[in-house]
Amino acid sequence: MDKQKSVQELDEVVVRFSGDSGDGMQLTGTLFADASALFGNDVSTFPDYPSEIRAPQGTVGGVSGFQVHFGNRKVNTPGDYCDVLVAMNPAALKANAKWVKKGGIIIVDVDQFNEKGYQRAGYKTFDAETELNLQDYKLIFAPITSLTKESLKDSGLDNKSIVRSKNMFALGMVYYLFERNMNFTERFFEKKFAKKPEIVEANKKVLHDGYNYAANIQAIANKYEVKQAETLPKGRYRNISGNTATAWGLIAAAEKAGLPLFCGSYPITPATEILIELAKRKDLGVKTLQAEDEIAGICTAIGASFAGNFAVTTTSGPGLSLKSEALGLAVMTELPLVVVDVQRGGPSTGLPTKTEQSDLMQALWGRNGEAPMVVIAASTPSNCFDYAFMAGKIAMEHMTPVMLLTDGYIANGSEPWKIPSMKDYPEIKPPIVPEGTKDYMPYARDAERLARGWALPGKKDIEHRLGGLEKDFLKGTVSHDPINHQKMVDIRAEKVKRVQEYIPEQEVFGDKEGELLVVGWGGTYGHLYDAVNEMRKAGKSVSLCHFNYINPLPKNTGEIFSKFKKIVVCELNLGQFANYLRMNFPEYKYMQYNKVQGLPFTVVELVDKFNQILEGK
Amino acid sequence: MEEQYTNYTPQDFKSDQEVRWCPGCGDHAILNAVIKALPEVSKELKYDMERYVFVSGIGCSSRFPYYVNTFGFHGIHGRAAAIATGVKVANPTLSVWQVSGDGDALAIGGNHFIHAVRRNIDINILLFNNQIYGLTKGQYSPTSPLGAITKTSPYGTVEHPFRPGELVIGAQGKFFARSLDVDVKLTKEILVEAAKHDGTSVVEILQNCVIFNDGAYSHITDRENREDRVIVLRHGEKMIFGKNRDKGLVLSGLSLKVVKIGEGGFTMDDILVHDAYNPNPGIHMMLANMQYPDYPVALGVIRNVKDSTYDDNVRDQVLEVMKNSKIKCVDDLLNSGDTWEL
Ligand SMILES: Cc1ncc(C[n+]2csc(CCOP(=O)(O)OP(=O)(O)O)c2C)c(N)n1
Ligand code: SF4
């Protein structure tokens, strides 16, 4: 090791890779995150990319970023501000400089800071350092493009391929900075470009040259070390993103129920990866149908559910709007169905690649008629697995559609996950009607859950007809009788309410009573937790109540609220959950903290807000 | 080994529900034909009763599943094809029948219709074409002729109608047949053929809505003229029609032409033989598009071509991948790929 450089030990570090959307920043960030996780750090990632596949090159609108937060203890968010920023061009620097901690390291590809680069990014001068006020940062101007060209001049590759690998030069530099082992990344090249050995070699060479360059220049004064996370429980780990975890949780539910999984879906950002992940899993008998649109997606799923598969459909906001009518059909026919909505910025096509929590009202009520549905929200990339599993369990055991809400932030984000064992998950026992059941009544219900039986086509003596028209209370035949309709509306509502008996009580992080209760739901968990934790360490009377079960709400919800002087509901919308709570528990007063910028909360802004509330401002 | 199957009668397939179509509605006759076809299908394919699933959308015709004593699903407007697709993929052993009106299948459900056909999923689509919206009381449909006067087109429609056969064949359909509601015998015969066909079978049934579009097909259904104005196609048989069986179809250049046998130098040898199995859609398309008065309207199975089906392909692919994969259960999956120990 280089004796002149000192190694500084840190507990946690945030690195942000940014560049043009063609610069491969998502891959660079992912590789770095994976290498850190394999090293034994806890990791949280945040991909932030533009919705246009190819926004004009070099412009601020085309900047793609990937943030990696890693530490020697549990890491709950991708971090508000970064310690190291890699900016592959002037636009990336302009867009991201404000996210760097004072004194942080900024590595830029100085080759791109030419007249054209400055102009495209809309600078007023040709001096980024002064214009962006970067005097307090450690700026490293590295000729990344020209060094990459130099590195590969004998490779035989064409110029375009050579320039494309400059992201690996940058990655090599960051690997040096954090003493990362490059084996994992090399193995990745070998797998990914198995058929193109010259590309594998080129990438390896550039990566190493980047590493060595960083070692050689005196500009980087220190190396940094973030030790293995020792607070994490022992066991076998893997990295997982929210969308993959969702897909796998659904497969797990199908396995526990002993039924094939069917997914009818239509691609939409940011939900598509769930379909992609499921499509790979034919080896586990998963059937995926890429339908002609969202309506067909959910309708094929309803058909598959009628025929006895565990059926799911996946989508994001605008797709959910299209599915509304069919959701009502699923409610009416009382068939199991899981609908995954990966929320993104709205309304309409809104901010397709950005995160938001503004589909809550749609999930709860976006249907004609009284059409109650169980609504669940996952809160971290890895717990998407558990809540997808639970969504399946509730859908099948209670014979009801279940909406699972995730969001772009947790869907795309990833974290190391201690691999669970399926033997630790509960059985799923759908009420399948035995063949040959005499006098089968399609809408007769079990007394506890109020679930009707699931009678599968192909089985003798239980032939029946389902559909969207109102049902007779027992026979399930069409009935327009007024009193019957009232009874059916009531029982469908009661059925959803009864799910309360089968979900865990709501937990509180922190004291069970005090000054301030922070309330949140879904993907904001990590930020809210860190903010509350930070305040508690500072001796403030703050607790967190973070919801995963939304409809029905856990039984003890009101009791929790009653123990706090103030309640603040924090969400990435204008107050949809707050209003829902006002409706359910009007006896309490709810303050709100809302942000609708297509971005997650930052811990800093949350702490500021909570302090203001405590100070009575 | 001799397979067990029950000898069903039409009565077995009648449900106990009161049939609520208007008296005289063509739907009654179609129901009758279906109920007669099912015992025959059961016998030929050795299907038990519980194997049938009837799926529909919304419309008068879509009430059909209630009247058949099997599994049934009355869906939402236009989405029957999607629901039926899900049923069939979930359980390919089921015999799935879709019943849709022209509005249900071709207007709101047009997208699902063409994609079901394109995928060649093994379902039987019965398209009840009355050229009107029945249930909503008489608005024009995508098959109403240009200029049709209806409640929503008091001055006549200004839109061109779909021709279902053309749509089916254009979407790479492998099976298309046409029948008349009043011809129960022909309808039944076609339905049996449709059931035996592996892949999407579309059977267009020209259906009279006595209330909102009475007589839409009277020019071809009237007893007096029927034989001169329709031609019943049967595979391997000459394309002859007419009360006296003296008219036929020949190919003239790139078009079909109606000729009188023995006149203008045309003999029986010139008359085309119907080849429903020909994969080339050219003549099938012309036959499906024939319209009165220039041509007789073609009835019977116009196109019946073998090809792999979506549901078979799905099943085969799943089995193949399962066989070759090391991942056999969720625990395997969770532990696959890059993992590490802490
Ligand atoms: C989403 C939706 N839009 C509109 C309707 C109203 N609607 C019900 S049936 C129908 C048309 C029925 O016509 P067709 O499919 O030709 O069937 P027919 O009644 O003639 O058998 C319409 C417009 C509906 N039920 N759902
Ligand atoms: S309205 Fe027309 S299609 Fe509907 S039942 Fe009456 S006759 Fe039949």
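How many salt bridges does the rule find across the interface of chain B and chain A? Hi everyone, let's start there. The rule finds 4 salt bridges between chain B and chain A. Please keep in mind that this is a predicted model. One of the bridges pairs B:Asp338 with A:Arg187, and their closest N and O atoms are 3.5 Å apart. Polar contacts come in as well: 23 residue pairs across the interface of chain B and chain A, with both residues at pLDDT 80 or more.

Which parts of chain B supply that side? Strands S2 (71–74) and S14 (339–341) each give at least two residues, and so does each of the helices H2 (80–90), H4 (110–119), H10 (310–324) and H11 (330–334). The largest share comes from H2(B), with 7 residues. By residue class, the side of chain B that touches chain A holds 26 nonpolar, 20 polar and 9 charged residues.

Now for the extent of the contact. Chain A brings 71 residues to it and chain B brings 55. About 5200 Å² is buried between the two chains, and carbon and sulfur atoms give 63% of that area. Within chain B, the residues that lose the most area to chain A are B:Phe71, B:Trp340 and B:Leu342, which together make up 17% of what that side buries.

In S14(B), B:Trp340 is the bridge partner of A:Tyr237. The pairing there is between S14(B) and strand S9 of chain A, residues 236–241; the two strands run antiparallel and are joined by 3 bridges.

Technical notes:
Residues are numbered from 1 along each chain as its sequence is written. Chains are lettered from A and ligands numbered from 1 in the order in which they are written. This is a predicted model: local features need pLDDT of at least 70, side-chain atom pairs count only at pLDDT 80 or more; totals for chains, interfaces and linings use all residues. Side-chain values use heavy atoms; hydrogens and water are left out. Contact means heavy atoms within 4.5 Å. Buried area is the accessible area (1.4 Å probe) that two parts lose on being put together, summed over both. A salt bridge is a side-chain nitrogen of Lys or Arg within 4 Å of a carboxyl oxygen of Asp or Glu. A polar contact is a pair of N or O atoms within 3.5 Å; within protein, one must be able to donate a hydrogen and the other to accept it, and residues adjacent in sequence count only if both atoms are side-chain atoms. Helices (H or I, at least four residues) and strands (E, at least two) are DSSP runs, numbered from the N terminus. Ala, Val, Leu, Ile, Met, Phe, Trp, Tyr, Cys and Pro count as nonpolar, Asp, Glu, Lys and Arg as charged, and the others, Gly among them, as polar. Two strands pair if DSSP finds at least two bridges between them.
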